[in-house]
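Trainee: Can we go through this one together? I would like to start with the loops and then look at the helices.

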Amino acid sequence: RCVVSLLLRALASDEERRRRANERDDFGVTPLIYAVAGNNERAVRALLDAGANPNVVGPRLCSHEAHSAVFRSGIGCPKMRSRTEEQLLLGGNALHEAVEANSLKAALAILNHAGQRVDVDAYANDDNRSTSLCIACEDRNHAAIELLIKHGADVNKSNGVEGGSTPVGIAVDKADAQTQT
C-alpha cells in the first residue's frame with residue numbers, strides 16, 4: 001500500500017484532499033513534484049487521484065546527488081534554501097520534472113491519468129521556456145521522446161524563446177542519429 005494514499009484518504013473531505021495534494025512547501029514545491037522527482041509512481045497516482053494538478057508549475061529541484069536523500073529527510077536541501085524568490089519560480093510542471101528526472105513511470109501515470117489532463121506542450125518557466133519534448137531531446141532520452149510523441153507532443157513546437165529550437169533542431173544539434181529517426 002502507498003503511504004501517501006493512506007494519508008490522503010484519512011483527510012475528512014475531497015476538498016481537503018485536493019487542497020493538501022496541491023499545497024506548496026517553503027520552497028514552492030508540491031507533493032506531486034516531489035513524488036515525480038523521487039520516481040514514486042504509486043505516490044504520483046495517489047496524488048493525482050486526490051486532485052493534484054499536474055499543470056502547476058513549481059521550481060526545478062536541484063540535481064546534485066545528495067538532493068533526494070536531503071529532501072526526504074525534511075531538513076531541506078541547502079541549494080534549494082539558497083535560491084532567491086525569483087529562482088524558486090523557475091521550473092516546470094510535473095511532466096517536465098518527470099522527463100528531466102527520467103522518471104518514465106511517473107510520466108506515464110501523469111499522461112494516462114483520467115482526471116485533470118497535463119498540457120503535454122506546456123512551456124517550462126525557465127530560461128529556455130522548454131517543452132517536455134525539448135527537454136527529452138536535450139537529454140537524448142529516447143524512451144521519453146517516444147512516450148511524449150505517442151501522447152501528442154508537437155514535434156514542430158519550438159521552445160518559447162525568440163528564434164527557439166524545435167525538438168528536431170535540438171536533435172540535429174546533439175548529432176544523435178537515433179533521436180532523429
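Trainee: What kind of model is it, and how are residues numbered?

Mentor: It is a predicted model, where local features need pLDDT of at least 70, side-chain atom pairs count only at pLDDT 80 or more, and totals for chains, interfaces and linings use all residues. Residues are numbered from 1 along each chain as its sequence is written, and side-chain values use heavy atoms, with hydrogens and water left out.

Trainee: Where does Thr30 lie?

Mentor: Thr30 is in the loop between helix H2 (14-21) and helix H3 (31-37). Helices here are DSSP runs of H or I with at least four residues, numbered from the N terminus.

Trainee: Is Thr30 buried or exposed?

Mentor: Thr30 counts as buried because its relative accessibility is 6%. Buried means under 20% relative accessible area, exposed over 50%, and partly exposed in between, using a 1.4 Å probe and protein chains only.

Trainee: And which residues does Thr30 touch?

Mentor: Leaving out residues up to four places away in sequence, Thr30 touches Asn22, Glu23, Arg24 and Val56. A contact means heavy atoms within 4.5 Å.

Trainee: Next loop. What is the phi of Asn39?

Mentor: Near 55°, a positive value in a residue other than glycine. Asn39 sits in the loop between H3 and helix H4 (41-49), and Asn39 is partly exposed, at 45% relative accessible area.

Trainee: What about Asn102?

Mentor: Asn102 is not a glycine either, yet has a positive phi of about 55°. Asn102 lies in the loop between helix H8 (94-100) and helix H9 (104-112).

Trainee: Switching to H4, which of its residues are buried?

Mentor: Ala43, Val44, Ala46, Leu47 and Leu48. After H4 comes Gly51, with a positive phi near 110°.

Trainee: How do H4 and H9 pack?

Mentor: Their axes are 9 Å apart and the packing angle is about 20°. That makes H4 roughly parallel to H9. Axes are lines fitted to C-alpha atoms, for helices over the stretch in contact, with angles from 0 to 180 degrees between N-to-C directions; angles under 35 degrees count as roughly parallel.

Trainee: Which residues make that contact?

Mentor: On H4, Glu41, Val44, Arg45 and Leu48; on H9, Lys105, Ala106, Ala109 and Ile110. They divide into five nonpolar, no polar and three charged. Ala, Val, Leu, Ile, Met, Phe, Trp, Tyr, Cys and Pro count as nonpolar, Asp, Glu, Lys and Arg as charged, and the others, Gly among them, as polar.

Conventions
Helix = DSSP H or I, 4+ residues; strand = E, 2+ residues; numbered from the N terminus. Parallel < 35°, antiparallel > 145°, perpendicular 65-115°, else oblique.
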